[in-house]
Amino acid sequence: QVQLVESGGGLVQAGGSLTLSCAASGGTFSIYSMGWFRQAPGKEREFVAAISLSTGSSTYADAVKGRFTIARINAKSAVNLQMNSLKSEDTAVYYCAAGLFGRTSSSYPYWGQGTQVTVSS
């Protein structure tokens with residue numbers, strides 16, 4: 001059973017930066033990509049970024065393109081999400097996901113518990 005452990009959330013001022021990390025364990029042979037989704041209060045969960053663990057190809061939501069960077073960590077089943085130039089609208093619970101490569105929740109059978117990111121204006 002794949003387990004995902006996230007870290008790195010917190011409170012930051014607008015314009016600041018945060019790095020989220022996610023590490024997978026158990027059954028990682030079934031993971032082809034890892035990604036991040038987020039859910040703000042009263043809103044549906046939305047795609048943020050994803051990366052293929054084999055090729056390194058990545059994809060981003062338009063809302064974060066140019067500000068966020070997803071990267072693999074040392075060829076392990078782990079990724080970072082570097083978030084720069086944060087805006088108040090980036091405030092959400094961020095979820096790590098693992099599975100197939102895609103931009104929809106249905107591509108990812110494995111999910112982390114979520115980590116809160118709050119951006120103060």
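User: What makes strand 4 and strand 5 a pair, and what lies between them?

Analyst: In this predicted model, strand 4 and strand 5 form a hairpin with six residues between them. In the turn, G42 has a positive phi of about 80°. The two strands run antiparallel and are joined by six bridges. Pairing takes at least two bridges, and six bridges are found here, so they count as paired.

User: Which residue of strand 5 is the bridge partner of F37?

Analyst: That partner is F47.

User: Is strand 4 mostly covered or uncovered?

Analyst: Strand 4 is mostly covered, with six of its seven residues buried.

User: Why is F37 called buried?

Analyst: Buried means under 20% relative accessible area. F37 has 1% relative accessibility, so F37 counts as buried.

User: How many aromatic pairs are there, and what makes F37 and Y108 an edge-to-face pair?

Analyst: The count comes to four aromatic pairs. For F37 and Y108, the ring centres are 5.5 Å apart and the angle between the planes is 75°.

User: Why is the pair of Y108 and W111 called edge-to-face?

Analyst: Their planes are at 75° and their centres lie 6.5 Å apart. The angle is over 60 degrees, so the label is edge-to-face. Ring pairs link F37, F47, Y108 and W111 into a cluster.

User: Why does W111 count as partly exposed?

Analyst: Partly exposed is the range between buried, under 20%, and exposed, over 50%. W111 has 27% relative accessibility, so W111 counts as partly exposed.

User: How do you know that the charged end of R45 sits over the ring of W111?

Analyst: The charged end of R45 is 4.8 Å from the ring centre of W111, and the distance limit is within 6 Å. R45 also lies over the face of Y95, at 3.9 Å from the ring centre.

Conventions: Residues are numbered from 1 along each chain as its sequence is written. This is a predicted model: local features need pLDDT of at least 70, side-chain atom pairs count only at pLDDT 80 or more; totals for chains, interfaces and linings use all residues. Side-chain values use heavy atoms; hydrogens and water are left out. Rings of Phe, Tyr and Trp (its six-membered ring) pair if their centres lie within 6.5 Å; planes under 30 degrees apart count as stacked, over 60 as edge-to-face and the rest as tilted. Buried means under 20% relative accessible area, exposed over 50%, partly exposed in between (1.4 Å probe, protein chains only). A charge sits over a ring if NZ of Lys or CZ of Arg is within 6 Å of the ring centre and within 35 degrees of the ring normal. Helices (H or I, at least four residues) and strands (E, at least two) are DSSP runs, numbered from the N terminus.
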